[in-house]
Amino acid sequence: MNRLTYVKLDPQNEKHCIEFEQLMRLYAKELDSHNNRSTPDEVISKWIDSIIKMQGDYDRHLKICYDDGTLIGFLYGKVDKPEHKGYKKIGYGYIMEFFVLPEYRRKGYGREMFFHLQKLFADDGVSRMYLTADGVTGKPFWQSLGFMTTGELSPENSQMIYDKTICLASNINIKILRYPSDSILKAITKRYGDKSFEREVAITDEITSLHYKSDFFCVIAVDNFDNVVGSANFFQNSLESGQWFYSDLWVDTCYRRQGIAKKIIKLGLDYLSQTEAQLLKCTVEPNNIASINLQKSIGFKETKLVPFEDFEISGQIMFEINVEQNFNMVVLTDRYDYLIFICDLLKNENNVPDDEYQRLYKETRDTLILNNNSKQYNYIIRKGIVPIGFAEIDTTNYNGKLLETILMIHPKYKDIGIEKYVSKYLEQYKFL
């Protein structure tokens, strides 16, 4: 898949009409084969002509799909109105016809075409949509996108009617919560049905226990009405603070296959990068191919299955990913805040009395800024924009192998890999 484009069919454009007719005849032939019938050619021709002649309304969408100019398929939908003939659901978007050429199926084209049509319905002010599905290829495809049967047969083609709320990932807000409320917890666990209360109690116990022993947060996805439509829980290892584990990842059926699960995990990783976290783990059922592929697409690697707290993970596949620490180094300049940070480190390390602080500041500034020689390089080590350490690199006696380095780190940020980061940083540069 390269670059999808959608062209609204123009009844006056001969090329459009010819391509649409070609697609429609293939579509009609496929429907016939699934229903053991043979529709006369003149009937198909009338069907195609009637569709083309109906085009023009702003909320009637007939579009041909191309991938870098290659014909892929077409989509056809409209918004049901009172004046329309036949079966209708007033105010609903109706997916009337939808076709992807067989050679382009199972490659993501159908999904992208559906999302395009869903966006068109949303722009029309529609909140729900429906369709009738062919039982051979249509039903599994539409169910995978979250359509649910209404239990009603269409009086026009005797096929089952399926409908779905219009769910756009662009309307989703993803955020961090460290202390979820009762209502949030109920929303997260409602998918367990009869066992929702049981799972609610279990998650509450897990969260409470780890808040006391270590740390926890959850990432939730909410729609425009603050309904929770996805979430994941992140737990810190109580024995190894640098290790975290995420579980209970889910996305509401309506919003699946739009990248929301990936966004939930990535926001969790972004949040962890602001802490001392070094490793994030998860487990996946061996037969959950979609989840396995998701982990790999983010950068998780399969690893040996080892216990994590009291979680029941036997028989599952464990994955892990290194948490990027968001470290950076900037050259020390005559900035008051950086010099104060260094002085605070020196004061605590050398037990300098408060009444000597002004002298300490002057000596530090004189040494590092005013009298600094060309063989000495001074750096502030930061996490994001926050200073967390100071490195002084002296190249006076540099022998091509080792650099004389003084490293001071804020006590809160020790043991999170800063020394390793500085070492790798220095390997990239020549100081002579």
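**Figure 1. The largest cavity holds about 40 Å³ of space.** On a 1 Å grid over the protein atoms alone, a cavity is a set of points where a 1.4 Å probe fits but cannot get out, and lining residues have an atom within 4 Å of a point. Grid points are joined across faces, edges and corners, and a volume is the space filled by probe spheres set on the points. By this rule there is 1 cavity of 30 Å³ or more. Tyr87, Tyr94, Tyr130, Thr132, Ser154, Glu156 and Ile161 form the lining of the largest cavity. By class, this lining has 4 nonpolar, 2 polar and 1 charged residues; Ala, Val, Leu, Ile, Met, Phe, Trp, Tyr, Cys and Pro count as nonpolar, Asp, Glu, Lys and Arg as charged, and the others, Gly among them, as polar. The model is predicted: local features need pLDDT of at least 70 and side-chain atom pairs count only at pLDDT 80 or more, whereas totals for chains, interfaces and linings use all residues. Residues are numbered from 1 along each chain as its sequence is written, and side-chain values use heavy atoms, with hydrogens and water left out.

**Figure 2. The second largest pocket contains about 1,200 Å³ of space.** Its lining comprises 38 residues, of which Leu249, Trp250, Asn288, Ser291 and Leu294 are the closest to the centre. A pocket is an open set of grid points with protein on both sides within 12 Å along at least five of seven lines. Two or more lining residues come from each of helix 4 (138-144), helix 6 (196-213), strand 11 (243-251), helix 7 (260-272), strand 12 (279-284) and helix 8 (289-298). Helices (H or I, at least four residues) and strands (E, at least two) are DSSP runs, numbered from the N terminus. Strand 11 gives the most to this lining, with 7 residues. The lining of the second largest pocket divides into 15 nonpolar, 13 polar and 10 charged residues.

**Figure 3. Helix 7 and helix 8 cross at roughly 45 degrees, their axes coming within 11 Å.** Axes are lines fitted to C-alpha atoms, for helices over the stretch in contact, and angles run from 0 to 180 degrees between N-to-C directions. Helix 7 and helix 8 are therefore oblique to each other; angles under 35 degrees count as roughly parallel, over 145 as roughly antiparallel, 65 to 115 as roughly perpendicular and the rest as oblique. Helix 7 passes helix 8 in a right-handed crossing; a crossing is left-handed if the near helix is turned anticlockwise from the far one by less than a right angle, and right-handed if clockwise. In helix 7, Ala261, Lys262, Ile265 and Leu269 meet Leu294, Gln295, Ser297 and Ile298 of helix 8, where contact means heavy atoms within 4.5 Å. The residues of this contact divide into 5 nonpolar, 2 polar and 1 charged.

**Figure 4. The axes of helix 1 (residues 14-34) and helix 2 (residues 41-54) come within 10 Å and cross at roughly 130 degrees.** That angle makes helix 1 oblique to helix 2. The crossing of helix 1 past helix 2 is right-handed. Among the residues in contact are Phe20, Met24 and Leu31 of helix 1 and Ile44, Trp47 and Ile51 of helix 2. The contact of helix 1 with helix 2 has 11 nonpolar, 1 polar and 3 charged residues.
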